[in-house]
Amino acid sequence: MTEAEKHFAELAAKMPEAQQGKMFGALCLKASNGKTFLLSKNENIAIKLSGELLEEALDLSGASIFEPSEGKKMNGWVQIPVEHQNRWKDFAQSAFEEVEKTAKKP
C-alpha cells in the first residue's frame with residue numbers, strides 16, 4: 001500500500017457517510033447521491049472544489065487542476081499531493097457537503 005493509499009484509507013474511515021468506489025480505475029469517495037467528490041490517483045488525491053476553496057487548494061505547492069489523462073483537464077477538480085495530506089480532510093468534508101446537495105444520479 002502506498003503512502004497516498006494509506007492516507008486515503010484513513011480519510012475514508014473518518015468519513016463514514018461517504019461511500020467508497022472506483023472512478024477512472026482509482027479509489028474514490030462518493031456522496032449518498034452517487035456523485036464522486038474525491039479520488040486517489042498517482043500519490044495524490046483529486047477533490048471537486050469551487051470558489052475560494054478551489055483557489056486555496058491550487059495555491060498549495062504541487063497542486064494543479066486534475067487531468068485524468070494527459071491534456072484532459074477536469075474543471076473544478078484539483079489534484080493535491082500527499083505532502084498536504086493534513087489538509088485533505090477539510091477539503092474533502094467541504095466537497096462532500098457541496099456534492100451532497102446535488103440531485104441523485106438516475
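Which residue of strand 2 does M23 stand opposite? Select M23 and look across to strand 2: the residue facing M23 is A26. Keep in mind during the tour that this is a predicted model.

Strand 2 covers residues 26-30, and five bridges pair strand 2 with strand 1 in the antiparallel sense. The two strands make a hairpin, with two residues between them. Select F24 in the turn, where phi is positive, at about 55°. Next select Q20; its bridge partner in strand 2 is L29.

Strand 2 and strand 3 run antiparallel and are joined by three bridges. They too form a hairpin, here with five residues between the strands. In that turn, select G34, whose phi is positive at about 90°.

The open sheet has six strands, and reading across gives the order 1-2-3-4-6-5, with antiparallel pairing. At the edges are strand 1 (19-23) and strand 5 (64-65), each of which pairs on one side only. Strands pair in a sheet through backbone hydrogen bonds.

Select residues 44-48, which are strand 4, together with residues 77-81, which are strand 6. These strands run antiparallel, and five bridges join them. Within this pairing, pick K48 and find W77 of strand 6 opposite.

**Helices on the sheet**

Which strands does helix 2 touch? Select residues 51-58 to show helix 2, which packs on the sheet and touches strand 5 and strand 6. The direction of helix 2 makes about 35° with that of strand 6.

Then select residues 85-100 for helix 3, which also packs on the sheet. Helix 3 touches strand 3 (36-41), strand 4 and strand 6, and its direction makes about 30° with that of strand 4.

**Helix 2 against helix 3**

Keep both helices selected. Their axes are 11 Å apart, and the packing angle is about 155°. Helix 2 is therefore roughly antiparallel to helix 3. The crossing of helix 2 past helix 3 is left-handed. To see the contact, show the side chains of L53, E56 and A57 in helix 2 and of R87, F91 and S94 in helix 3. By class, the contact residues are three nonpolar, one polar and two charged.

**Helix 1 against helix 3**

On the helix 1 side, select A4, H7, F8, L11 and K14; they meet Q85, W88, K89 and A92 of helix 3. The residues in this contact divide into five nonpolar, two polar and two charged.

**An aromatic pair**

How many aromatic pairs does a search of the whole structure find? The search finds three. One of them is F37 with F96, an edge-to-face pair with 5.4 Å from centre to centre and 70° between the planes. Select both rings and trace where they come from. F37 belongs to strand 3 and F96 to helix 3, so this pair ties together parts that are 59 residues apart in sequence.

Technical notes:
Residues are numbered from 1 along each chain as its sequence is written. This is a predicted model: local features need pLDDT of at least 70, side-chain atom pairs count only at pLDDT 80 or more; totals for chains, interfaces and linings use all residues. Side-chain values use heavy atoms; hydrogens and water are left out. Two strands pair if DSSP finds at least two bridges between them. Helices (H or I, at least four residues) and strands (E, at least two) are DSSP runs, numbered from the N terminus. Contact means heavy atoms within 4.5 Å. Axes are lines fitted to C-alpha atoms, for helices over the stretch in contact, and angles run from 0 to 180 degrees between N-to-C directions. Angles under 35 degrees count as roughly parallel, over 145 as roughly antiparallel, 65 to 115 as roughly perpendicular and the rest as oblique. A crossing is left-handed if the near helix is turned anticlockwise from the far one by less than a right angle, and right-handed if clockwise. Ala, Val, Leu, Ile, Met, Phe, Trp, Tyr, Cys and Pro count as nonpolar, Asp, Glu, Lys and Arg as charged, and the others, Gly among them, as polar. Rings of Phe, Tyr and Trp (its six-membered ring) pair if their centres lie within 6.5 Å; planes under 30 degrees apart count as stacked, over 60 as edge-to-face and the rest as tilted.
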